[in-house]
Amino acid sequence: MRFSRYPLITGGPWLLLLLTFFVLPIAGLLLLSLSPGNGSAAAFPTLDNYRGILDLASGRPQVLARTLGVALGVVLLATLIALPVAYYLAKGVRSTRLQALVLMLVTVTFLVGPLIRTVSWRGILGVKGLINTALTSSGLLDAPIMALLYGRPAVIAAMTYNSFPFMLFTLFLAMRTIDDRYLVAARDLGASANATFWRIVMPLAAPGLCVGAVLVFVPTLSTVLEPEMLGGTSGRLTTTEIRDQFFHALNWPLGSALTVLLIVAGGLAVGLLAALLALFARACGRVGLSLGSGGGR
Amino acid sequence: MTDASDRLTHDLFNGARSRRDMLKLLGIAGAAGLLGGPLLSGRAQAAAKHFTWGTNADYARPEFLAPFLKASGIEVQTSLFADPSEIITKLQSGGAGVELLTDGSYHAQITYDAGVLKPIDTSKLKNWSKLIPGFDKAAGMIYDGKTYGVPYAWGTDSMVYNHGIVGQDVDDLAILFDKEFAGRIAMPNGLFESVVVAALYLGIKTPFAMDKDQLDAVAEVLIKQKPLVRSYWNDIGDLKNLMATGEVAVCWGWQPLLEIRKYDVDVRWTHPKQGELAWYDAAFLTRDANAESEAACLAFIDYLLGEQYGAMIGKDIGYRTTSTAAIATMDGKLVDSLDLAKPDAFLKNAVWWTSPTNPAGYQAVWDKVLNA
Amino acid sequence: MKRPRHPFLLLCTLAMLIYALVPILTVIAFSFNPLPFYAFPITGFTGKWYAALVADPRIGASLLASLGIATLVALLATLLGTLFAFFVVRAQARFKRLWVAFGFLPLVVPVLVLAAGLQVAFVELGLPLGYPTVIIGHTLYTSPFVALMVMAQLLRYDERLDDAARDLGASQRQMLRHVTLPILWPSIRSGLLLAFLLSFNEWAIAFFTGRGFNTLPMLIYSMARNGLPPSVLAYSALAVACVLLVAGMILPFALKLIRGRA
């Protein structure tokens with residue numbers, strides 16, 4: 001037996017930490033979500049909060065759907081941005097110096113915290129922002145485009161900005177570990193560049209894609225900054241609702257129910273994402289690739 | 001522990017739970033079930049030589065606190081928040097170690113209801129008599145006949161407009177709801193403020209204690225206004241930007257906004273005929289304070305009401321002090337620019353902005369507007 | 001080998017770099033702008049925001065707090081997360097799927113709620129709030145990210161390499177040290193960096209479970225309420241410049257590491 005197979009050594013420390021400190025808040029969340037909200041006359045175990053948030057007339061299910069949709073959209077955008085770059089860096093650039101330089105430039109931007117990263121988009125998308133100033137002063141436009149800032153496009157641009165590097169790193173790592181000889185063999189067997197990419201590189205990089213998707217999806221789902229700072233009147237997402245219920249209305253039961261719903265929806269979406277990517281990887285060619293929580297080979 | 005646990009269990013199943021009790025119950029269950037008892041029972045010994053002030057970064061600039069340390073030898077440690085609701089949530093859960101708290105009239109009732117405050121014995125404050133008359137019994141600081149807060153800064157929230165764009169003097173909130181300025185209006189996002197503004201606009205006499213019909217009317221007005229609004233602003237930096245660039249012509253804002261006048265932007269403060277919202281930020285003592293740190297906190301409150309602090313916040317960050325002692329030391333131009341010579345006249349149209357009697361109901365209205 | 005050098009890929013990379021860097025470059029530009037607004041055109045050149053930055057000792061103090069926390073958290077989370085990745089990919093255990101799902105649960109809990117809940121848990125368990133509680137909280141928050149990072153590579157790890165090492169007479173320790181960990185090193189290193197950055201930028205857990213200090217995000221969020229002062233932009237510009245400088249100095253060393261493992 002090798003150590004890495006001992007569940008107690010590998011899983012023990014982390015799971016013990018979770019059992020000690022994490023179970024309590026989660027249990028509290030569940031219990032609170034079942035207790036009557038402010039001003040409610042119901043008795044302890046009640047589903048009133050859940051009924052309230054699942055009521056279509058409250059607009060909340062729509063907001064939840066929008067929240068999930070935005071997060072999935074961000075995953076898609078991040079993938080589109082990261083995929084060609086990761087491939088180019090991992091397999092197109094021979095110089096490790098150049099690889100390191102590009103990745104480092106992207107990493108360094110993260111030292112500028114999320115608040116400033118987000119606010120900086122006002123300086124780019126605003127009426128007197130970089131884009132509008134450039135377009136109007138060069139005479140390409142007579143009037144600035146108002147719709148750039150304060151709305152969903154700005155929120156999505158900033159959310160993607162704040163999360164795509166996770167996708168870039170995981171994809172780069174996954175592609176870099178692909179043995180070059182596979183690619184050589186594919187070419188020797190007469191595969192086109194496209195076929196090599198889709199039938200060799202993508203399936204082998206699928207775990208990276210899957211992990212990257214989760215790394216982008218999850219923080220995007222729980223952020224409040226971008227919708228607050230850049231959303232204008234259409235910035236409402238489930239997380240900002242949760243924040244308001246906990247901090248402003250002090251209605252913890254309702255806030256807890258919303259949180260539980262978001263956790264369940266987020267968990268389902270992550271599972272679905274993993275399953276879809278597994279399907280995709282299979283469709284790309286290689287069968288039997290293990291993904292997600294499967295037991296290795 | 002068992003007694004408390006029994007009581008809480010009893011309360012729980014009789015439907016009389018507060019959130020705090022709920023958490024306690026969970027905590028006891030968790031501690032008993034997981035560890036069989038507390039891991040550590042360490043409790044920091046609060047010494048009178050320092051205490052912790054929960055406040056925002058501007059009130060606690062190092063240069064504002066230095067004279068106090070020098071004079072009293074007491075060090076003010078800070079726990080900085082962006083919004084008072086955050087620190088209240090933290091205080092409620094216990095162990096926060098924040099002995100003195102800055103909170104506003106607009107939020108004080110919620111904080112009091114959360115059960116985290118301790119009354120202040122104003123007879124122990126030697127500068128209590130220095131308060132501008134009226135501030136010693138302003139709405140929101142006295143509960144059950146006891147004083148809980150000592151106001152040290154004040155101002156109003158009101159309509160502000162860019163005169164260059166609007167082109168005329170205005171004193172009617174109707175322009176915030178006017179199609180003429182579609183896309184060039186900004187309204188606040190936090191603290192149910194927009195809900196209250198709409199109530200003022202509708203002429204509702206009790207904007208902080210609205211009934212169901214009034215709340216419905218407010219929701220309707222705000223939903224109708226929503227397409228005209230450029231942004232629900234969250235931070236004053238955003239609003240300054242919007243007003244300074246002319247992107248927004250008229251907004252509901254607060255005082256630091258006027259700073260942009262320094263940069264030749266002709267923004268003007270209004271005293272709308274429907275009213276404006278007067279607020280104060282006050283120092284509140286919390287239940288985390290013990291006898292020793294309480295003495296240190298009271299000494300610091302005296303400092304907040306003394307000659308130096310009020311003059312510094314007026315000069316450096318444009319906040320109005322509540323202390324007549326500080327006003328006396330300020331130069332005339334500063335006093336005029338802050339309207340501190342005749343606070344009564346300035347507050348003629350204002351109502352004291354207190355927290356709503358029914359925050360959940362107000363939140364429901366604001367939810368409806370945001371989700372619309 | 002013929003390398004994919006399609007101009008399209010190069011173009012995508014350049015576009016990505018522009019997307020990644022332009023916001024930061026505007027921040028740097030505004031940090032020298034005399035007007036405190038985020039609007040073009042830039043009206044002049046001033047160093048006054050940098051002077052204001054140096055005059056406020058709180059930024060230095062909170063930066064130290066954040067760096068200290070993030071360093072410890074990065075080490076702890078890397079250890080726990082890497083081990084857990086082995087559990088997910090290799091271990092055999094009863095109800096493993098459930099344990100794995102439980103292990104990744106912190107990921108989907110909104111941080112704000114996690115933070116408020118953790119404070120209650122710490123207080124009721126009798127742990128006084130302070131640096132240790134923030135470090136525990138951040139470790140809970142970041143470890144699953146590290147685990148995911150490492151898993152991405154571990155899933156493709158050929159265990160026959162380990163078998164070969166053992167067949168050649170390597171002990172457990174030698175195998176780990178000379179085979180397994182070096183191969184996984186790039187993803188472990190990325191996990192470490194990720195945990196550091198997540199902790200360094202985290203506000204909610206630091207606010208709710210800390211006591212007696214303000215981290216950098218706490219200070220900046222509090223300042224932002226009354227309008228983000230350009231001195232914060234000045235700080236950002238300086239931080240980026242410092243890191244680039246340091247990175248430039250250690251780059252040859254880092255390259256050696258990368259090349260050595262490739």
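This is a predicted model: local features need pLDDT of at least 70, side-chain atom pairs count only at pLDDT 80 or more; totals for chains, interfaces and linings use all residues.

Where in chain C does C:Pro41 lie? C:Pro41 is found in the loop between α1 (7–30) and α2 (48–55) of chain C.

**Backbone geometry**

- Most residues other than glycine have a negative phi, and most peptide bonds are trans.
- The peptide bond that leads from C:Phe40 to C:Pro41 is cis, and its omega is near -5°.
- A:Tyr150 is a residue other than glycine with a positive phi, near 60°. A:Tyr150 sits in the loop between α8 (130–137) and α9 (152–176) of chain A.
- A:Tyr150 counts as buried because its relative accessibility is 10%, and the cut-off for buried is under 20%.
- C:Phe95 likewise has a positive phi, near 55°. Its place is the loop between α3 (57–90) and α4 (96–108) of chain C.
- C:Phe95 counts as exposed because its relative accessibility is 59%, and the cut-off for exposed is over 50%.

**Chain A: overall fold**

- Chain A contains 14 helices and zero strands.
- Along the principal axes, the C-alpha atoms of chain A fill a box of roughly 75 × 70 × 35 Å.
- Of the 297 residues in chain A, 62% are buried.
- When contacts in chain A between residues at least 6 apart in sequence are considered, 68% of them join residues at least 24 apart.

**Chain A: annotated spans**

- An unreviewed UniProt entry lists "domain: ABC transmembrane type-1" at residues 64–273 of chain A. That span is 78% helix and 0% strand, and its end C-alpha atoms lie 17 Å apart.
- UniProt, again in an unreviewed entry, places the feature "transmembrane region" at residues 67–89, 101–120, 154–175, 196–218 and 257–281 of chain A.
- Residues 154–175 of chain A are 100% helix and 0% strand, with the end C-alpha atoms 31 Å apart.
- For residues 196–218 of chain A, the composition is 100% helix and 0% strand, and the separation of the end C-alpha atoms is 31 Å.

**A:Arg199**

- A:Arg199 belongs to helix α11 (residues 193–221) of chain A.
- The relative accessibility of A:Arg199 is 53%, so A:Arg199 counts as exposed.
- A:Arg282 is 83 residues away from A:Arg199 along the chain, yet the two C-alpha atoms are separated by 9.4 Å.

- Two packed helices are described by the angle between their axes and the distance between the axes.
- Helix α7 (residues 114–125) of chain A and helix α10 (residues 216–224) of chain C have axes that come within 10 Å and cross at roughly 40°.
- On the α7(A) side, A:Pro114, A:Leu115 and A:Ile116 take part, and they meet C:Ile220, C:Tyr221 and C:Ala224 of α10(C).
- The residues of this contact comprise six nonpolar, no polar and no charged.

**Chain B: fold and domains**

- Chain B has 15 helices and 14 strands.
- Buried residues account for 60% of the 372 residues in chain B.
- Of the contacts in chain B with a separation of 6 or more, 72% are between residues 24 or more positions apart.
- The domain assignment divides chain B into domain 1 (11–154 + 278–341) and domain 2 (156–276 + 352–370).
- Between these two domains of chain B, 18 residues of domain 1 are in contact with twelve residues of domain 2.
- About 1500 Å² is buried between domain 1 and domain 2 of chain B, with 63% of that area from carbon and sulfur atoms.
- B:Tyr106, B:Ala278 and B:Trp279 lose the most area on the domain 1 side, together 44% of what that side buries.

**Interface of chains B and C**

- The size of an interface is often given as the accessible area lost when the parts come together.
- Chain B and chain C bury about 3300 Å² between them, and carbon and sulfur atoms carry 58% of it.
- Chain B contributes 46 residues to the contact and chain C contributes 32 residues.
- B:Leu80, B:Lys90 and B:Tyr263 supply 18% of the area that chain B buries against chain C, more than any other three residues.

Conventions:
Residues are numbered from 1 along each chain as its sequence is written. Chains are lettered from A and ligands numbered from 1 in the order in which they are written. Side-chain values use heavy atoms; hydrogens and water are left out. Axes are lines fitted to C-alpha atoms, for helices over the stretch in contact, and angles run from 0 to 180 degrees between N-to-C directions. Helices (H or I, at least four residues) and strands (E, at least two) are DSSP runs, numbered from the N terminus. Contact means heavy atoms within 4.5 Å. Ala, Val, Leu, Ile, Met, Phe, Trp, Tyr, Cys and Pro count as nonpolar, Asp, Glu, Lys and Arg as charged, and the others, Gly among them, as polar. Buried means under 20% relative accessible area, exposed over 50%, partly exposed in between (1.4 Å probe, protein chains only). UniProt positions are given in the numbering used here, feature names are shortened, and annotations may be inferred rather than shown by experiment. Domain bounds come from an automatic or database domain assignment. Buried area is the accessible area (1.4 Å probe) that two parts lose on being put together, summed over both.
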